[in-house]
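Please look through the structure shown here before reading on. The paragraphs after it go through the chains and the places where they meet.

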Amino acid sequence: MTELGVLSQLLEIALALLLAPLLSAWVNQWRAWLQNKSAPGLLQQYRTLHKLFHKESVIAEHASRLFRSAPYIIFGCMALASAIVPTLSTDLPLSPAADAIALVGLFAVARVFISLAAMDVGTSFGTLAARREMLVGFLAEPALLMVLFSASLISKSTSLTTIVETLAQRDLAIYPSLALAGVAFSMVSLAENARVPVDNPTTHLELTMIHEALILEYSGRHLALLEWAASLKLFAYSCIGLALFFPWGVAEADAPLALLLAVPVLILKLAIGGALLALLETLSAKMRIFRVPEFLATAFLLAVIGMLVNILVGG
Amino acid sequence: MTTITGQLINLLAAILLMLAFAMISQRRILSLIHLFTAQGAILSAATVLVGYATQQPHLYLSAGITVVLKVILIPLLLHRVINRLEVRWDVETLINIPTTMIIGIALVIFAFDLALPISKLSASIARGTLGIALACVLLSFMMMITRSKAVPQVIGFLSMENGLFFAATSATYGMPMIVELGIALDVLVGILILGVFLFNIREQFDSLDISHLEKLKED
Amino acid sequence: MATLYFVLGIPLLGSMLLASTGHRDSAREINVAVSLGTFVATCVLTVEVISGGPLFAWHREFFIDPLNAFLVTLTAFVGLTTAIFSRPYMRVESDHGKMTPNRMRRYHSMYQLFNCTMLTALTTNNLGILWVAMEAATLTTVLLVSVYRTPASLEAAWKYFILCGVGIAQALFGTVLLYMAAEKVIGTEEGALLWTNLEAVKAHLDPSIITLAFAFLFIGYGTKVGLVPMHNWLPDAHAEGPTPVSAVLSGLLLNVAVYALLRCKVLTDGALHSHLAGQSMMGFGLLSVLVAASFLSRQKDIKRMFAYSSIEHMGVITFAFGMGSPIANYAGLLHMTTHSLIKSGIFFTVGHAAQKAGTQIMEDIRGLIKVSPTVGWGMMLGSLAILGMPPFGVFASEFLILTTAMREQPWATPFLLLSLGVAFASIFSRVQPMVFGETSLKPLRHPPALLPVFVHLGLGLLLGLYIPPYLDEWYRQAARMIGG
């Protein structure tokens, strides 16, 4: 572990916490533009968080301690997830923890807590949403694992840093398996981040909600943390996608200049990715909840085929 | 150069497989036709690449035939048929789609397993893709089984032919020209006959649902 | 060599001619004339082959050897007699209003084109062209089966198209694999799909590729042969199309499919040094015999019943070729010939009987012997012949197959005997009341064309009593060739 490593680790966490709301706002802005609406400013997400943190947090009478602690746990999980994904540098003190399976586990922990919290209060919408969240989750997780495995088949390791290093250092080569995994990954991220076509982040209809209904009972700082955690999740997913499929520009060990360069590259990549996400959301329509398993099964299957193709044609 | 071309061919093969899966999971006839068109385009691109990599000019010709036949002519014909018959929306498959997908994976594994030892023997640049071609054939085959409507069955038939064509290209750099011309002719005539049939079936049964076609069976 | 061009060209040109004139009344005669022309050309070709030995044409893409020579003649012959039979048959159909001039044109044109595709499939040396011709034969017969445009015929044609289309697509994949194996030995320039070239190097073909190729080819062409479990199209297509089409489907198309399978088997045997091809042919052949025999008794439609009988006989033939010894091959070839002659003869009488009764349901067909003794006796004798009664040719070939099976594959004989027994009981119990039962039907206006029936039965009888020496020699040569 070098000092530079510690520095880049700190930089990465700070960047994730700061940039995550910006990324959400950026996606929202693009979506508004694409739909011919006037967009809220880029700083809107920060203002919302600021406002929520200063509000009183109202908690239901029967809420248990779990309900109160869940936002912190979830936020912690997401922050850790963003920290271990090698976005700026592959030389991170936390990189031994950055295992593909551990990462999926982190997301799973967050999901379990948010679902438990939603059921804790005992409202019908919360329970409904918890069920749906688990439905999405139990299909999306294996698909995500398969995507990560496709990438690890190429680098022969499940460590994220090793994967990114291998992929970034290779000569220009085309991996059909990664193309398939890429499509699968985009589908999984749409589902996991509660985006159209699986969920609609801007909906006001409780019956169709998934993610919004989960946090329906929260207010004040708890809600702020959950919103922030959602932004972090999107950020983390975007970073995983970039690291796996567009790993160029990630700094390696002992390269301070590269680290400096990595920040603007990352921001540029995120900006493009966010705009594309908004475009994708605008182009598709929300599907019925019963179609979601199909959607995710397709993602799973594409990832599996990616692995098979990798075995067949060797990369 | 060759490695990049080879990788590109592999990539196109993977896209073909993806399209085959998209087809079995697609309910709308219009999207099926688009997917079929895309499949034809990818197929001809792959043929051109193989031709380029191996210096086999006759592959350019067969790529040209593919473009004319499968990217322009047949999709146009299909569009006209579904417009005239007003069957742009197709709804249900016989087996639900996740199950179909699982069976699909099994078929892909089966196909890869069959093709793996054989593709090792081939000297072709695109040898790895033989398994993909076989998988495409089997998937289209399954699509024909799981659809109860006439038009998707026809599209399944055509996409199976695409898979076979790809197999010929990837395993052996294409069949002899005369055979390829014959196959193209057969496909064209076949699709014309099927097109006429669709109208006849519609006329006789007031529907394009093949499940109406079950008068003839053993008691 | 030029004769071969006539053999293929006459039906092709005839088809074009009939595409423009097929709706006229004279078209039925033109159809017969074209078929006669084809038959004469094949006879000349046969004489040439007998005197000059195997011959090649057009860059070796076409060839005639002992195996296909007799099938070519048989095809042209049955094509001719069916054309003669269809003359009065189609007149009645158009009197009944079932055939409009437009349908008539399509029927005649497609009939000739179908003959052309089958002859192409038989004479081509190129396995790719063989596939193309088989597919083209499928397409033309689809149009023939659906010619009445009734719901049932459309259903049959659709099933036929989809099933055979899928099946034959597998054969194309097999052909691709075969080409792949051949290319490594022969190279692309030298005609790696030419059967004669492949035959010359078959011992060097890669066994693992050939195994897979044979599996696909077997499924593909086996579908066209009508082997169980890929047989579903066959009864429908036979029952719903016009009767002349049923006759050529059973009598000719199935033979051509068996022929294609045989060509593939020879290569596979050479490459594998094992008995895989033979074993799978025996297995599926036996299965077809058993299943078809058990379905026979349940049929109500007379054409369906005889279609199942065709499946049964195709099973017997496939089984015989599966055993693979020269004597079994000899029996298989003989059975192909006799079955083709007798079965198409039966369909001729069935056509007249059904036309007379106005139905194909067996319970409604009664007392043929009183309405028309010739039709009645034709059906009775034909049925006895196809069931393997001596002295008809089918008896001779089935006897040969059974005795060979007893010696070489004793386990299979009980199944074969059982199936033949069941088939006998089912068919005979149906045919007997149809021929001798009570009836109130009146004779038809047009005299039935029974010349083809009795010519076929006569030839079938002849083959049972006496096989001409040159034919015998021919069978022997072909049998040795298949035997490897």
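The text below begins with single chains, moves to the contacts between them, and ends with some details of the backbone.

This is a predicted model, in which local features need pLDDT of at least 70 and side-chain atom pairs count only at pLDDT 80 or more, while totals for chains, interfaces and linings use all residues. Residues are numbered from 1 along each chain as its sequence is written, and chains are lettered from A and ligands numbered from 1 in the order in which they are written.

Start with chain A. Its secondary structure consists of 11 helices and zero strands; here helices (H or I, at least four residues) and strands (E, at least two) are DSSP runs, numbered from the N terminus. For 315 residues a compact globule would have a radius of gyration near 20 Å, and the 19 Å of chain A agrees with that. Of the 315 residues in chain A, 52% are buried. A residue is buried if 20 or more other C-beta atoms lie within 10 Å of its own, exposed if 12 or fewer, and partly exposed in between, with C-beta atoms placed from the backbone. Two residues are in contact if their C-beta atoms, placed from the backbone, lie within 7 Å. Among the contacts in chain A with a separation of 6 or more, 80% are between residues 24 or more positions apart.

Chain C has 19 helices and two strands. Its radius of gyration is 21 Å, close to the 23 Å that the globule rule gives for 484 residues, so chain C is as compact as a globular protein of that length. The C-alpha trace of chain C spans about 70 × 55 × 45 Å along its principal axes. Buried residues make up 64% of the 484 residues in chain C.

Inside chain C, one pair of helices shows how packing is described. Helix H4 (residues 101–123) and helix H10 (residues 243–272) of chain C pack at an angle of about 25°, with their axes 10 Å apart. Axes are lines fitted to C-alpha atoms, for helices over the stretch in contact, and angles run from 0 to 180 degrees between N-to-C directions. H4(C) and H10(C) are therefore roughly parallel to each other (angles under 35 degrees count as roughly parallel, over 145 as roughly antiparallel, 65 to 115 as roughly perpendicular and the rest as oblique). Residues of H4(C) in this contact include C:Phe114 and C:Met118, and those of H10(C) include C:Leu252 and C:Val256. By class, the contact of H4(C) with H10(C) has 10 nonpolar, no polar and no charged residues. Ala, Val, Leu, Ile, Met, Phe, Trp, Tyr, Cys and Pro count as nonpolar, Asp, Glu, Lys and Arg as charged, and the others, Gly among them, as polar.

Which chains touch? Of the two pairs of chains in contact, chains B and C share the most contacts. Chain A and chain C do not touch, and their nearest C-alpha atoms are 17 Å apart.

Between chains C and B, 35 residues of chain C are in contact with 38 residues of chain B. On the chain C side, H6(C) gives the largest share, 17 residues. That side has 24 nonpolar, four polar and seven charged residues. Helix H7 (residues 177–205) of chain B packs with H6(C) at an angle of about 145°, with their axes 10 Å apart. The residues that meet include B:Leu194 and B:Phe197 in H7(B), and C:Trp158 and C:Phe161 in H6(C).

The contact of chains A and B takes 19 residues from chain A and 22 residues from chain B. The largest share on the chain A side, 12 residues, comes from H11(A).

Finally, some backbone details. Most residues other than glycine have a negative phi, and most peptide bonds are trans. The peptide bond from C:Val228 to C:Pro229 is cis, with omega near 5°. Phi of A:Asn36, a residue other than glycine, is positive, near 60°. A:Asn36 counts as exposed because it has 6 C-beta neighbours inside 10 Å.

Note on methods: The radius of gyration is taken over C-alpha atoms; the globule rule is 2.2 Å times the number of residues to the power 0.38.
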